[in-house]
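Take a look at the model below.

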Amino acid sequence: MSESSSAKRWLPLEANPDVMNQFLWGLGVQEEEAECYDVYGLDEDLLEMVPKPVLAVLFLYPITAESEAERLQEDSIKKDYSPKVYFMKQTVGNACGTIGLLHAVGNVTSEIKLREDSFLDRFFKSTGTMDPLERAAFLENNREMEVAHSVAASAGDTEASDNVDTHFICFTCIDGALYELDGRKSGPISHGASSPGALLQDAAKVIKQMIQKNPDSMNFNVIAISKKADGAY
C-alpha cells in the first residue's frame, strides 16, 4: 500500500516466496545466489529452520489508524543514518512489495552477484548516487519494472486487487545496525546494533513488537531472503 504522491497504482505483490523468487531471478538476481523463504513463526526453533545466512527480512503487516499515527510521529523526528544505506521513497500505490525487494537487494549488492546488464544491475548503477525521491521517480517512470511487477502480481495464488490495507517493509543489517526500510517513511529507522548473523533474530524482535500492537489481526507475513551456499541449487 502507499500514500501515493502520484496517481499511478500497481497491483500488490502477494507475500509468496515463489512469486518473489521468479520476480527477482527474472530481473537479475542469479538463482544460485539468493532465494526467498517463508518464515513460519518468530520463536527461536522456527527461526532456526530458515536457511542461513539471511540477507534481508520482509514483513507484511496491516495498516491501521494507530500505525499511521505512529508513522507520522516518527517522520516528525529527524534521524541520522549510515550513508551506506540504500533507501528509496515510495510514490507508486501498492509498489511496497517491489520496493521492499529493491531495498533488500540494493543493500547486499556486495554479497550477491547480479547478472551483468540485467534490469537490477542497471537499476542500482543508475540510481546509486540519487537521493530517495529521485530513486522513486526513476522507478515510477520505468516501464520495464512496471511490466515485471504486473506479471509477478498476477502470478500469485489469490486474485490481485489494488484495494489493499497491508504494507511491506524490509529489515536488513547495514554498517553494524539493524535498519527498517519503509518507502512510506521519511528515511531509514535504526533499531540498534546488529550483525549479519543476528539479523533474523533481531528483526524478529522488532516484528514481534509490531504484531503486539495489533494482536487481533492475522494479516502478517514474514519472508526471509537468504544467500545460497556456494554451489547449492
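This is a predicted model: local features need pLDDT of at least 70, side-chain atom pairs count only at pLDDT 80 or more; totals for chains, interfaces and linings use all residues.

Glu-35 stands opposite Ser-226, a residue of β6.

Now widen the view. β1 and β6 belong to an open sheet of 6 strands. Read across, the order is β1-β6-β2-β3-β4-β5, and the pairing is antiparallel. Which strands stand at the edges? They are β1 (34-38) and β5 (189-193). Each has a single partner strand, so one side of each is left without a neighbour in the sheet. From one strand to the next, the twist averages 20°.

Helices pack on this sheet too. Helix α1 (residues 17-27) touches β1, β2 (54-62), β3 (166-174) and β6. The direction of α1 makes about 165° with that of β1. Helix α4 (residues 96-106) also packs on the sheet. It touches β2, β3, β4 (177-181) and β6. The direction of α4 makes about 5° with that of β3.

Turn to the cysteines. Is Cys-36 buried or exposed? Its relative accessibility is 2%, and buried means under 20%, so Cys-36 counts as buried. Cys-173 has a relative accessible area of 17%. That value is also under 20%, so Cys-173 is buried. How many disulfides does a search of the whole structure find? It finds 0.

Technical notes
Residues are numbered from 1 along each chain as its sequence is written. Side-chain values use heavy atoms; hydrogens and water are left out. A disulfide is a pair of cysteine sulfur atoms within 2.5 Å. Buried means under 20% relative accessible area, exposed over 50%, partly exposed in between (1.4 Å probe, protein chains only). Two strands pair if DSSP finds at least two bridges between them. Helices (H or I, at least four residues) and strands (E, at least two) are DSSP runs, numbered from the N terminus. Axes are lines fitted to C-alpha atoms, for helices over the stretch in contact, and angles run from 0 to 180 degrees between N-to-C directions. Contact means heavy atoms within 4.5 Å.
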